Amino acid sequence: MDKLIIASSAHDADLFSILGVVVPDPLIVILAGKKRYALVNQLEYARIKRETKGRVFVIPWERYVEKAKKLGKKISFASVAFAFLKEKRINSVGISPTFPFVYAQELRRRGIRLSVCSPFIDRSVKTPTEI
C-alpha cells in the first residue's frame, strides 16, 4: 500500500526513519511502491537532497503548488499532496494514526481513500546508523 506523511521529521519518528535527517518544518513524503518522494520547500531543498543521500527523490514543493492552484483555490499541504497523488495516479494511501485530521478531511473530499496503518512502518530492525 502506498503511504502518505505530512509532518516534520523533528516530531515524527517514522518520517525521521525514512529521511534520516531532522527537518523542523512540515513536509510531504509519499511512499509509492519502492519509491520514496519528499516534497520540500525551497529553503530546505538543497540541504535535504544532500543529507538524504539518494534515499528519497527530493522535489521542490513549489512544483506542485502551481498544479494545486489549477485544481482548486486553496493551497495547503493536503492540496499539494493531492496534486502529486493525482499526477502519479494514486487514489488510495495509508496514513499514520497521527496524520492531521484536517488534511485527511480535505483529501477524502477530493476522492483519496485513506486507511490508517498501525504501525505505519516497521522500525523494529535498526540499521547500524540508527544504533
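Colleague: Helix H3 (residues 61-71) and H4 pack at an angle of about 90 degrees, their axes 8 Å apart. Why are H3 and H4 called roughly perpendicular?

Modeller: The label covers 65 to 115 degrees, with under 35 counting as roughly parallel, over 145 as roughly antiparallel and the rest as oblique. The angle here is about 90 degrees, and H3 and H4 are therefore roughly perpendicular to each other. Angles run from 0 to 180 degrees between N-to-C directions, and the axes are lines fitted to C-alpha atoms, for helices over the stretch in contact. This is a predicted model, in which local features need pLDDT of at least 70 and side-chain atom pairs count only at 80 or more, while totals for chains, interfaces and linings use all residues. Residues are numbered from 1 along each chain as its sequence is written, and side-chain values use heavy atoms, without hydrogens and water.

Colleague: Which residues of H3 and H4 meet?

Modeller: From H3, Trp61, Tyr64, Val65, Lys67, Ala68 and Leu71 are in contact (heavy atoms within 4.5 Å) with Phe77, Ser79, Val80, Phe82, Ala83, Phe84, Lys86 and Glu87 of H4. Sorted by kind, the residues of this contact are 10 nonpolar, one polar and three charged. Asp, Glu, Lys and Arg count as charged, Ala, Val, Leu, Ile, Met, Phe, Trp, Tyr, Cys and Pro as nonpolar, and the others, Gly among them, as polar.

Colleague: What makes H4 largely enclosed by the rest of the structure?

Modeller: Buried means under 20% relative accessible area, exposed over 50%, partly exposed in between (1.4 Å probe, protein chains only). Eight of the 11 residues of H4 (residues 77-87) are buried, so the helix is largely enclosed. The buried ones are Ala78, Ser79, Val80, Ala81, Phe82, Ala83, Phe84 and Leu85.

Colleague: Why is Tyr37 called buried?

Modeller: The relative accessible area of Tyr37 is 9%, so it counts as buried. Tyr37 belongs to strand E3 (residues 35-40). Beyond its neighbours within four places in sequence, Tyr37 is in contact with Ile28, Val29, Ile30, Ala32, Phe57, Ile59, Phe84 and Lys88. Phe84 is 47 residues away in sequence, and the two C-alpha atoms are 9.8 Å apart.

Colleague: Why does Arg89 count as exposed?

Modeller: Arg89 has a relative accessible area of 74%, so it is exposed. Arg89 sits in the loop between H4 and strand E5 (92-95). Its phi is positive, about 60 degrees, although Arg89 is not a glycine. Most residues other than glycine have a negative phi. Lys53 also has a positive phi, of about 50 degrees, and lies in the loop between helix H2 (42-52) and strand E4 (57-60). At 69% relative accessibility, Lys53 counts as exposed.

Colleague: What makes strand E1 (residues 3-7) mostly covered?

Modeller: Five of the five residues of E1 are buried. Lys3, Ile5 and Ala7 point one way, and Leu4 and Ile6 the other way. E1 pairs with strand E2 (residues 27-32) in the antiparallel sense over five bridges, where pairing takes at least two DSSP bridges. Ile30 in E2 is the bridge partner of Leu4.

Colleague: How do you know that the radius of gyration of the protein chain agrees with a compact globule?

Modeller: The rule, 2.2 Å times the number of residues to the power 0.38, is compared with a radius taken over C-alpha atoms. For 131 residues it gives a value near 14 Å; the protein chain has 14 Å, so the two agree. The chain has five helices and six strands, which are DSSP runs numbered from the N terminus (helices H or I, at least four residues; strands E, at least two).
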